[in-house]
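Subject: Structure for you to look at

Hello,

Here is the structure I said I would pass on. Please open it first, then read the notes below it.

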Amino acid sequence: METCRWIPEAGSGIEHLTLRRDGAGLFAQGAVIGEDFGAFYTIRCDSAWRVRHALVEMAGGARLELHADGAGAWRDGQGAPVAALAGCIDIDLTASCFTNTLPIRRLGAALDTRQEIAVAWVHLPLLRVEPARQAYTRLASHLYRFEGVDTGFTAELTVDDEGLVVHYPGLFHRTA
C-alpha cells in the first residue's frame, strides 16, 4: 500500500491518496478538500491501468458513479450507457493529481512520442462529466508534458518512479 499527499501551490486544500495493487489491478482511494468543497473518490483499474470503475462522493451527498469496460464504453451507476464518453479510457478529476498517473502508466513507452487521448473529465465540485482531449509526452525519465488539447493548457509534470506526480507547476506539489 502506498500513500501520497498533495497541496495546492496557491490557496488552501489537500489531496490524500491510498493506492493498493493486487492480482486484479489497482485500487485507489482518495480525498480532495478544496477551498469550497470536499470529495471522496475510489478508482479501480485493471492490471493494464485501464479504468474499470469510478465513484466520486461529495461532502453533502452528491455522487457520481461510472463503470468502464476498459475499451472505451462507459455506463452510469444504474447501468445506462454514457454515449458521450465513448472512446475514453482514462478519467480525470479536476482537483486530483493522481488521475494524471493513469495515462502515464497505461501508455508507458508509447509516451516517447506525443499521445493524444480522450478522457472522462469530471468537474469538481459540480460532478459534471464530459469527454476531453488531452495529450501526454515523455520529455525525460521523470518529466512529462501534459496538454489540454481543447483548452491550450500545458504543464510539465515531474513524477516519481511509479508515475505519481511530484510537482505540477503552478498547481500542486507532493508533500508526502
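How many residues does the largest nonpolar core have, and which of them have the most contacts inside it? The model is a predicted one, and in it the largest nonpolar core has 49 residues. Those with the most contacts inside this core are Ile43, Trp74, Ile91, Phe98, Leu102 and Leu124.

Take isoleucine 91 as an example from that list. Setting aside its neighbours within four places in sequence, isoleucine 91 is in contact with Ile43, Val51, Ala54, Leu66, Trp74, Thr99, Leu102, Ala120 and Val122.

The largest pocket holds about 590 Å³ of space. Its lining is made of 36 residues, and Thr94, Ala95, Tyr168, Leu171 and Phe172 are the closest to the centre of the pocket. Six strands each supply at least two residues of the lining: β1 (2-8), β2 (14-22), β3 (25-33), β8 (90-93), β10 (128-140) and β11 (143-148). The largest share, five residues, comes from β10. Sorted by type, the lining has 19 nonpolar residues, ten polar ones and seven charged ones.

Then the cysteines. How many disulfides does a search of the whole structure find? The search finds zero. Cysteine 45 is in no disulfide, and the nearest cysteine sulfur to its own, that of cysteine 88, is 14 Å away.

Last, a residue in a strand. Threonine 158 is found in β12, which covers residues 153-159. At 30% relative accessibility, threonine 158 counts as partly exposed, because that class runs between the 20% limit for buried and the 50% limit for exposed. What does threonine 158 touch, not counting residues up to four places away in sequence? The residues are His142, Leu143, Leu164, Val165, Val166 and His167. Threonine 158 and threonine 101 are 57 residues apart along the chain, and their C-alpha atoms are separated by 11 Å.

Regards

Note on methods. Residues numbered from 1 in each chain as written. Predicted model: local features only at pLDDT ≥ 70, side-chain atom pairs only at ≥ 80, totals over all residues. Heavy atoms only, no water. 1 Å grid on protein atoms, 1.4 Å probe; cavity = no way out; pocket = protein on both sides within 12 Å on 5 of 7 lines; lining within 4 Å. Points joined across faces, edges and corners; volume = space filled by probe spheres on them. Helix = DSSP H or I, 4+ residues; strand = E, 2+ residues; numbered from the N terminus. Nonpolar A, V, L, I, M, F, W, Y, C, P; charged D, E, K, R; others polar. Disulfide = S-S within 2.5 Å. Core = buried A, V, L, I, M, F, W, Y, C linked by side-chain atoms within 4.5 Å. Buried < 20%, exposed > 50% of the residue type's maximum accessible area, 1.4 Å probe, protein only. Contact = heavy atoms within 4.5 Å.
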